[in-house]
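Have the model open as you read.

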There are 4 protein chains.
Amino acid sequence: MIDRARVAVVGVGNNTSALVQGISYYRRTGSRVGISRPEVAGIGVGDVEVVAAFALSAGKVGRDLHEAIFAAPNNFPRIEAALDPSGVTVQRGLTGDDEIDRVAAAVRDAEVLLYSAPSGRPAIARSYAEVALAAGAAFVNTTSDPVARDPELLRRFEAAGLPLIGDDLTSQFGTSVVHHTLLRLLAERGLTLTSSYQVNLGGTEDFRNLVENPDTKHRSKVNALGSDQVQIAPLGFMPHLGSQKIAHLNLEARGWAGTEVSLDVRLKVHDPSGAAGVNIDLVRLAAGAARAGRGGYLAEAATMLKSPPGTAI
Amino acid sequence: MIDRARVAVVGVGNNTSALVQGISYYRRTGSRVGISRPEVAGIGVGDVEVVAAFALSAGKVGRDLHEAIFAAPNNFPRIEAALDPSGVTVQRGLTGDDEIDRVAAAVRDAEVLLYSAPSGRPAIARSYAEVALAAGAAFVNTTSDPVARDPELLRRFEAAGLPLIGDDLTSQFGTSVVHHTLLRLLAERGLTLTSSYQVNLGGTEDFRNLVENPDTKHRSKVNALGSDQVQIAPLGFMPHLGSQKIAHLNLEARGWAGTEVSLDVRLKVHDPSGAAGVNIDLVRLAAGAARAGRGGYLAEAATMLKSPPGTAI
Amino acid sequence: MIDRARVAVVGVGNNTSALVQGISYYRRTGSRVGISRPEVAGIGVGDVEVVAAFALSAGKVGRDLHEAIFAAPNNFPRIEAALDPSGVTVQRGLTGDDEIDRVAAAVRDAEVLLYSAPSGRPAIARSYAEVALAAGAAFVNTTSDPVARDPELLRRFEAAGLPLIGDDLTSQFGTSVVHHTLLRLLAERGLTLTSSYQVNLGGTEDFRNLVENPDTKHRSKVNALGSDQVQIAPLGFMPHLGSQKIAHLNLEARGWAGTEVSLDVRLKVHDPSGAAGVNIDLVRLAAGAARAGRGGYLAEAATMLKSPPGTAI
Amino acid sequence: MIDRARVAVVGVGNNTSALVQGISYYRRTGSRVGISRPEVAGIGVGDVEVVAAFALSAGKVGRDLHEAIFAAPNNFPRIEAALDPSGVTVQRGLTGDDEIDRVAAAVRDAEVLLYSAPSGRPAIARSYAEVALAAGAAFVNTTSDPVARDPELLRRFEAAGLPLIGDDLTSQFGTSVVHHTLLRLLAERGLTLTSSYQVNLGGTEDFRNLVENPDTKHRSKVNALGSDQVQIAPLGFMPHLGSQKIAHLNLEARGWAGTEVSLDVRLKVHDPSGAAGVNIDLVRLAAGAARAGRGGYLAEAATMLKSPPGTAI
C-alpha cells in the first residue's frame, strides 16, 4: 500500500472546502464520478491527506479544518452531510517574511505545500515559496501571482530537488478551457474568427477579489486564450450565485465563401469544484515527483496551468 | 502549373451552389477566409473545375450550371454578384440502372464523381458508384446512404485503382463536430456525462427530405457522436431559415465531488457552406489519390466523414 | 369557515400528482411561494379537497391516491417527503358511454369534475362532460379536446346551472405564455416581427402522447399565439428530462429604420407544476360559480385557457 | 397639411445619426416597419425636421449634419445609401452658463430642444434646459442626468407653458423593457422571483462613457426595474460590436409547490435605433403639447422614460 500524500494547504476558502469534502466523498462512496485521473504516480484520490492548514481570518484560525471550511465568507455547498473532526487545527498564516521560520516548522511534516489563497498578493505568494524551500516541500501555486514564472525561484527549487508548479491553475472545467477548445476547433476546421467575447459572473469571495483587482487575472486570461481578438467583459460579482459561476461566450467566424458562423455558449459550473479537481492532480503530481527526487518545473503540469514558466507576467 | 481537378457533380442543390459560388469567390478575391486546407495534393481551392453536372428537376436540366444553382427550391444566398456562364449545361441524372452507360459516357472527362444528391435513395447512390467505376472516376459519397460501407463495392474500387470516399460528410462546422468536441472535452477533463440533447432546425429542401426520411440520418448521427446517452430531437423544418441551420445543444455532467456542470450552446451556420468546405477537400483528396493510382478507401478522409467503412449501416 | 371545495379528478398523471402534493405542501408550510391567487371565491389553496379519482392503468386503480400519484409512468418529483394515506381509492375510469351512470354515481359527492387525462381522446372527454351533467357537478376540461367549444354542450351546462370551463389550459408559466408575452411586447413597442420559432422538449408520458398525436396540440398552439408567422418545431420526447420541459424560443424583428432586433429565450419549467398552478384556480373558480348558481362558460377563465369557446376546433 | 415639427438637437452621436437617417428612410420608402406610432398629435414620422444641431468635437462642428453623423467615434451603420446635404450646419454647443444666450439665439427657430448628449454631465444638461426656457422651446432630456426630476425647473417650464419631458429615455426595445416585462409576467402569473441578473455589452462611445461613469446609470436601471433583487453586472465595452448591444438576462423563480422555473434570454439590438424610435415620439409629443399650450411634465411620456419626475435621483 502506498503512503498517503501529505499536503499542507494555505488558504481555507471555497477551493479548500471542495478539496477536503471531495476527498471525504470519494473515500466514502468509492465513486469515480467527475475524477480526471484515478491515479497519479500511483496515488489515488483518497490517498491525499491534508496535514496542516493556514488561514488569516479570525473565523477560521484555531478551528478544526472540517468546521473552518464552512465559515463565512465560504459558500461552497455542503457535499458531505456529516464530517468527523479532521484533527487538523487551522493555524495562523504568515503576514511577513519574519514568520517564514515559524510557518516552515509547521509544514515540516508535509510533502507538498499547496498555495490556494486569493490571487493578488504576489509578495505573500513568494514568501510561502520560501516556506516550502525551508521546509523541504514541493510548492504548488494555484494563484495568478507570478511564482513559477520567476526564473530565480525556479532555479532554487531545481537545485533543492523540489518541484515548483504554477502559475494559475486552469480549472478542470471552466470558462477558459471551453473557450480555448472552441477557438481551437474553429481554427482546426479552417474557419476565420472575426470576433469573440466572454462574460464571467460569480458569487464567491475569490470572485469579489478579482473584481477589485482585475489586472493580474486579465493578463492570465489572455495568456490562456492566446488571442487578442477575444474581448473579456469585466467580471460581475453576484452574491446570489454562491459558489457557482456562469459564463456567456460568443464566437463569430467566417466559413466557406465568407458566410457567417456563430456560436453562443452558456456555462454553469461550481468554480471551487473545478479548482479542486485540478488541485488533486497537481498535489499528487508534486508528491510523486518529490518522492522521485525531480525538482523544478514539471512539464506534465502544463495543461493544468494558465501561465506556466515562460509566459508573460 | 498543376492541372485543374475535373469534377462531375450529381445534384445541383444548395451544396453545389455553395461549392460553385465559393470556387468563383476564391478565384476572384484570392481570400483565404474560411478555407480549411489551402492545398490538398498540391491542388488549390481555385484549381477545382466542375466539368459536368446532373440533376432531375425540370427547372435545372438543360440550363447553364451558373443559372441552375439559383433555381427553386435552392435557397443558398447569392454570394457572387455576377457569375459568367459556366459553359456546363446541367444534364438529366439517372433514374435506373439502364442509364448507367449514358451517364458514364458524360462523366468520362471527369477525375472525380461527387455524389451530392439528397440522402435517402440508396439504390440510386449505388448506381452512381457504378457510373464512376464504368467511367474510371473516383467516387465521393456525401450522403448517408451506404456506399463506401458496402465491402463488395469497396473491393471493386480498390481493384480498379479508384478512390471511394464515404459515407456522409461531416460538415466543416456543423452540429455534429461541435457536439462531438464538447463531449470529448468533458471526457478528457474527467467529467461524467449525465445527459445531453441536440435540436436541429433548418430551411433547405435537404432538411425537408430528412424530416420525411429521418431514420438513415439518425443512425449516422449516432455513429458520429458515439454515445447513446445523447438524445436527438426530431428535425424542425422552418422555411424562413433559408439555408441557415440553427442547433441547440445541451450537455449536463458531474464534476469533482459530483457537483453539477451544464453547457448550453446555440450554433448558427449555413449548412451548404459547411458541406462545400468539406467537399472541396474530398474532391481534391480523391483527385490526388486517383492521380497517384491509390484505389479504395482513403484513411485521410476519416475526419471528414460521419460513417466511414466499418461503422454500422 | 368556508366549506372545502370538493373535486373529483379524472386522470392520475403528473398533473394530478403536482396538484395533490402541492395542496399538501401549502397546507403544511403555509407558504405563499408560487401561488397565483391566494383566494378565489373565498376559497384558499389548502381548502381544495380531492374526494374521488379515476384512472385506467392497473398500477393506479385500487390504490390510495397518495400512492398512485407516484406509479409509473408518472415522473413528477416527490415534493412531500411523507404523505399520509388520502383515504381516496383510485377508481376505474370510464371506457365507453355505457359507464356514465356508474361513474356519475361515484362523482355525486363532488362539486367539480376536473378532467385531467391525456389529450387526444375527444369522445372520452365528452363522455366525462356527460358524467358531470348527470352528477350535477361543474366540468373543467384541461385537455385540447373540444368540449367547451361544443356549443350544444355549453348550452346544456348553462341550462343546468353548471359551469363548463375549457378547453386546454394555459400553463401558469409555460412556453405559450412567454412566447405570447414577447410577441405582444414587440407589437406594443412598434417593432415588426419577421420570424419566430418555438421548440419544446419534455420527458413526461403526456409529452410522449403529444409526440404521437401532434395535430390537436398544434392547432391549440396556433390559437394561443395568434400568429401564423410563428414556426413550431416538432416536439422532442426526451425521457431524461423527467417532468421538466425545456423550450427554445426565437423572435426576429425589425425596429427603427428597419434595423435588426433578435431575442433568444431558453425556458426550463416543470410542466405539471404549471398545470397544477392553473388547475387550482380553475377548480376554485368552478366551485365558487357553482355555489353561486352561475352555469355555462365563465369569462374569468379566459386568460387560463388556450382554446376557449369561439376559437377554432 | 400639418406644419413640420421643428427640432434642435444637442449631441450629434449615434442616436442622432439613427434619428436623422430614419426620418430620411421613412420619407423615402413610406415604410411602416419598426414604427411605434405612425402619428403623434397628428404629426407623422416624416414630418419631423431637424433645424439646428450642436456638438463639441472638432470633427463635427462646422460640417453639414448629414456628414457629421458619420464622423468618428459614431459607428451606427449607414442605413441610407445616399443622403443629400441637410442644409443644417452643426454649431458649437455650450460649455458653460455664459453661453446660454448665444445658443438660445440659435435655437429660436425650433419648437423642441432634444437633449441627446452623453449622460453624466448634469450641469450641462441643466444649462440646456435654461436654453430652452430662454428660447421658448419644449425640452426633452434623454439622458439619466436629473432635469425633469428637478421640481424647481419643472415648475418654471410649467409656468412658461413649455413641456419638459425626462429623464432617461427607455429604449423602444432594449434590455430594460424586456427585463421589466418578464419580471412583471412572473409576478402576474403568481411565480416568486428568487434571483435575476442582467449583463449588457456594447460598442458605442455612449457605452464607453457609461463604463467610465456607471453610477448614474445604475440608479436609473434600478428605478426602471423596480426590484433590488435584480443584479446588474458591470457594463462591458466591446468595440467590435459597433452600435449593437447584446444583453444576457436570467430570471430564476419558484412556481407551484416551490418547483424551479428558469428563463435565460439573449437580446441583440441596435441601441441607437432603440433611442431614435422613442425620440421620434417624444419630440412629436412635445411639439404637439407646445402647440396646445400645455407646459410642464406630460403624463403620456411616462412609459417612455426610466426616471420620470418623482423617482429617486
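## Who touches whom

Contact here means heavy atoms within 4.5 Å. By that rule, no contact joins chain B and chain D, and their closest C-alpha atoms lie 11 Å apart. Chain A and chain C don't touch either, with 11 Å between their nearest C-alpha atoms. Keep in mind that this is a predicted model.

Chain A does have partners, though: there is a contact with chain B and another with chain D. Let's take them in turn.

## Chain A against chain B

This contact draws 51 residues from chain A and 51 residues from chain B. How much area do chain A and chain B bury between them? The figure is about 4000 Å², with 64% of it on carbon and sulfur atoms. On the chain A side, Phe173(A), Arg189(A) and Trp256(A) stand out: they supply 24% of the area that chain A buries against chain B, more than any other three residues.

As for polar links, the count between chain A and chain B is zero salt bridges, but 18 residue pairs are in polar contact, both partners at pLDDT 80 or more. In chain A, the elements that each give at least two residues to this side are helix 1 (14–29), helix 6 (175–188), strand 13 (260–270) and helix 9 (271–291). Strand 13 of chain A has the largest share, at 11 residues. Sorted by class, the side of chain A that touches chain B comes out as 26 nonpolar, 17 polar and eight charged residues.

## Chain D against chain A

Here the contact takes 23 residues from chain D and 23 residues from chain A. The area buried between chain D and chain A is about 1500 Å², and carbon and sulfur atoms give 64% of that.

How many salt bridges does the rule find across the interface of chain D and chain A? There are two. One of them joins the side chains of Arg266(A) and Asp264(D), at 3.0 Å from N to O. Nine residue pairs are also in polar contact across the interface of chain D and chain A, again with both at pLDDT 80 or more.

On the chain D side, the elements giving two or more residues are strand 9 (192–202), strand 10 (230–232), strand 11 (236–237), strand 12 (244–254) and strand 13 (260–270) of chain D. Strand 9 of chain D gives the largest share, six residues. By class, the side of chain D that touches chain A has 11 nonpolar, eight polar and four charged residues.

## Aromatic pairs

Searching the whole structure turns up 20 aromatic pairs over all chains. One of these is Tyr25(A) with Tyr26(A), an edge-to-face pair at 5.0 Å centre to centre and 80° between the planes. Both Tyr25(A) and Tyr26(A) are buried.

Over in chain C, Tyr115(C) and Tyr128(C) make a tilted pair, with 5.5 Å centre to centre and 35° between the planes. Tyr115(C) sits in strand 6 (residues 112–115) of chain C and Tyr128(C) in helix 4 (residues 122–135) of chain C, so the pair ties together parts that are 13 residues apart in sequence. Both Tyr115(C) and Tyr128(C) are buried. In chain A, Tyr115(A), Tyr128(A), Phe139(A) and Phe157(A) form one aromatic cluster.

Definitions and conventions:
Residues numbered from 1 in each chain as written. Chains lettered and ligands numbered in written order. Predicted model: local features only at pLDDT ≥ 70, side-chain atom pairs only at ≥ 80, totals over all residues. Heavy atoms only, no water. Buried area = accessible area lost by both parts, 1.4 Å probe. Salt bridge = Lys/Arg side-chain N within 4 Å of Asp/Glu carboxyl O. Polar contact = N/O pair within 3.5 Å; in protein donor to acceptor, adjacent residues only side chain to side chain. Helix = DSSP H or I, 4+ residues; strand = E, 2+ residues; numbered from the N terminus. Nonpolar A, V, L, I, M, F, W, Y, C, P; charged D, E, K, R; others polar. Phe/Tyr/Trp six-rings, centres within 6.5 Å; stacked < 30°, edge-to-face > 60°. Buried < 20%, exposed > 50% of the residue type's maximum accessible area, 1.4 Å probe, protein only.
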